[in-house]
Amino acid sequence: MMDKNNNKNPRRNFIKNTGLGMGGVILAPSLLSFTEQESVNIARDNKKLGIALVGLGRYSTNQLAPALEKTKNCRLSGIVTGSPSKEKAWKKKYKLPDSNIYNYENFDEIAGNEDIDIVYVVLPISMHKEFTIRAAKAKKHVICEKPMALNAEEAQQMVKACKDNGVLLAIGYRLHFEPFNQRVMELGQQEVFGKVKSIKAVDNSNMTGGSLDLWRLDKERAGGGPLMDLGIYCVQAAIYTMGKPPVAVRAKFGEVTHPAYFRDVEQSITWEMEFDEGVVANCEASYADEEEKNSLSGKAEDGWWKLEPAYSYEGKKGETSNGKMEFPNIYEQVKQMDAQAESFRNNQNPKTPGEMGLRDMKILMAIYNSAKKEGTRVEITY
């Protein structure tokens, strides 16, 4: 049986009214404060906006660059890398001119390059703040990968720098542009099955079978372990199910069974996110799960739903108490970058703005704070 909406809450009207057709979550006014008059203007014609990828690791190589060959509103116009061998390979593959290839030292010269409108920061987390701020000073709009920064203080500096320089900042929350997760937003926020009663979000991977020399296992570069890398998906999922952020959290670190890998960051963590109506989201993230569980589920007064996998790049599946979710698996990064580029072109705040990333950093820091205090309830101030 196919998943169908309650007639009292027609999907078409909901998507039209809330912007979920572009993957948006209901945002508080404070997230929508950037004014059109303040922002750098981009020509409003049909020209594809130029994106420079900063950092040419696996995500840029395997996901973003191929996606930019399929986008309608933007294109790959430049790269920033510290690797001369990557410069040569990318220049040849994507036919990039020498004038659009930068390294980390001469990056600021990008300010004079009219072929580049947007800088996409795809670096280890410890470098997000520096290159977001440098891009803002160069008067380029910015997309920054998740999680936004090492902590909330850095995130606040990034938001301020972009506002001070009249550029827009978006976070690379691709799932806001993906139909299975958009459906969950609708089910929860529109109360299709009545009020939400509980949420469960899990995102685990297994990093115990490979190299010990990974930046994600280095606290200075990653800010933390699986909570930062994977748990951010769970935090986001609970919030866009409810359409609002939590008021408090409780958390505990898991047992370290692979000390060689987890000398610096947590191996696993579980936490609860408490919402103002008493709804609790139970979440977990791990770097040592052989099954690599990946799911998002919710229970409401009159029904339930589940996505599994929920956060992977492809292969998503979903069902509700009414039956299977019938949606295509799409190239999420194409949808994400097209939507964000269009927002930049029109001087409109993106669906996943820097303020959303800042909010989420406050939540992540509260979760760590609670875990360090062995599960003490920590209230969150936004």
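Which residue stands opposite Cys144 in E5? Val121 does, and that pair is a handy way into this structure. What you see is a predicted model, so a few ground rules apply: local features need pLDDT of at least 70, side-chain atom pairs count only at pLDDT 80 or more, and totals for chains, interfaces and linings use all residues. Residues are numbered from 1 along each chain as its sequence is written, and side-chain values use heavy atoms, with hydrogens and water left out.

Let's stay with that first pair. Strand E4 (residues 118-121) runs parallel to E5, with 4 bridges between them; two strands count as paired if DSSP finds at least two bridges. Helices (H or I, at least four residues) and strands (E, at least two) are DSSP runs, numbered from the N terminus. Between E4 and E5 the chain passes through helix H4 (residues 128-137), making a right-handed β-α-β crossover. Right-handed here means that, with the strands pointing away from the viewer, the path from the first strand over the helix to the second runs clockwise. The next step is also a right-handed β-α-β crossover, from E5 through helix H5 (residues 152-164) to E6. E5 and strand E6 (residues 169-171) are parallel and joined by 3 bridges, with Cys144 opposite Ile171.

Look at the side chains of E5 (residues 141-144): His141 and Ile143 point one way, Val142 and Cys144 the other, and all are buried. Buried means under 20% relative accessible area, exposed over 50%, and partly exposed in between (1.4 Å probe, protein chains only).

Now for the open sheet of 9 strands, with mixed pairing and the order E14-E13-E12-E11-E7-E10-E9-E8-E15. Strands E14 (323-324) and E15 (378-379) stand at the edges with a single partner strand each, so one side of each has no neighbour in the sheet. Strand E7 (residues 196-204) and strand E10 (residues 280-286) run parallel, joined by 7 bridges; Ala201 has Cys283 as its bridge partner in E10.

Helices lie across this sheet too. Helix H6 (residues 179-189) lies across E7, E11, E12 and E13, at about 160° to E12, while helix H10 (residues 354-372) lies across E8, E9 and E15, at about 55° to E8. These angles run from 0 to 180 degrees between N-to-C directions, using axes fitted to C-alpha atoms, for helices over the stretch in contact; contact means heavy atoms within 4.5 Å.

What about the inside? The largest nonpolar core has 86 residues, and Trp271, Met273, Leu296, Tyr311 and Ile367 have the most contacts inside it. Such a core is a set of buried Ala, Val, Leu, Ile, Met, Phe, Trp, Tyr and Cys residues joined through side-chain atoms within 4.5 Å. Helix H8 (residues 226-242) gives the most to this core, with 12 residues. Apart from it lies another core of 26 residues, including Ile51 and Trp90.

Most residues other than glycine have a negative phi, and most peptide bonds are trans. Lys95, not a glycine, has a positive phi of about 55°, and is exposed at 72% relative accessible area. Glu191 also has a positive phi of about 55°, but counts as partly exposed at 34%. Finally, a cis peptide bond joins Glu308 and Pro309, with omega about -5°.
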